[in-house]
Amino acid sequence: MSLIIKAEVESTFVDSRGGISQKSGKPYEIHEQKVWLYLGSKFPKEMTLSLDKPLDALPIGLYEVDLMPALDIGDFGRLHIEARKLKFVPARPAAVKASA
């Protein structure tokens, strides 16, 4: 079973930041990329995608995302989406009908 939504990447820019954790004293890095999700409304919604490293950035283009592998039941029985389990698959171009 799958639950496919459309996504679009308009830029390969990755917002990276880091520092030293005040709790653990260890260095950390955060890398994020903006992605647009088409959820059935008039306009797409912006999502921030967490990346392990900047080189993991998605190329510009259209994608299909299957939500099913990322769905889980979290604390207190609430639906939870594990964003790191989302798989972005490049969308195939729509078939062009030959004119008769």
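This short talk walks through selected features of the structure shown above.

Colleagues, please note that this is a predicted model, in which local features need pLDDT of at least 70 and side-chain atom pairs count only at pLDDT 80 or more, while totals for chains, interfaces and linings use all residues. Residues are numbered from 1 along each chain as its sequence is written, and side-chain values use heavy atoms, with hydrogens and water left out.

I begin with the strands, which are DSSP runs (E, at least two residues) numbered from the N terminus. Strand S3 (residues 27-38) pairs with strand S4 (residues 45-51) in the antiparallel sense, over seven bridges; pairing requires that DSSP finds at least two bridges between two strands. Leu-37 stands opposite Lys-45 in S4. The two strands, S3 and S4, form a hairpin with six residues between them, and in its turn Gly-40 has a positive phi of about 100 degrees.

I turn next to aromatic rings. How many aromatic pairs does a search of the whole structure find? It finds one. Rings of Phe, Tyr and Trp (its six-membered ring) pair if their centres lie within 6.5 Å, with planes under 30 degrees apart counted as stacked, over 60 as edge-to-face and the rest as tilted. The ring centres of Tyr-63 and Phe-88 are 6.2 Å apart and their planes stand at 80 degrees, so this pair is edge-to-face. It links distant parts of the chain, since Tyr-63 lies in strand S5 (residues 61-66) and Phe-88 in strand S8 (residues 87-90), 25 residues apart. Are these two residues, Tyr-63 and Phe-88, buried or exposed? Both are buried, that is, under 20% relative accessible area, where exposed means over 50% and partly exposed lies in between (1.4 Å probe, protein chains only).

Most residues other than glycine have a negative phi.

Finally, I come to the salt bridges, each a side-chain nitrogen of Lys or Arg within 4 Å of a carboxyl oxygen of Asp or Glu. The count comes to six. One of them joins Arg-84 to Asp-52, with the closest N and O atoms 2.8 Å apart. Arg-84 is in the loop between S7 and S8 and Asp-52 in the loop between S4 and S5, 32 residues apart. Both Arg-84 and Asp-52 are exposed.

Methods: Helix = DSSP H or I, 4+ residues; strand = E, 2+ residues; numbered from the N terminus.
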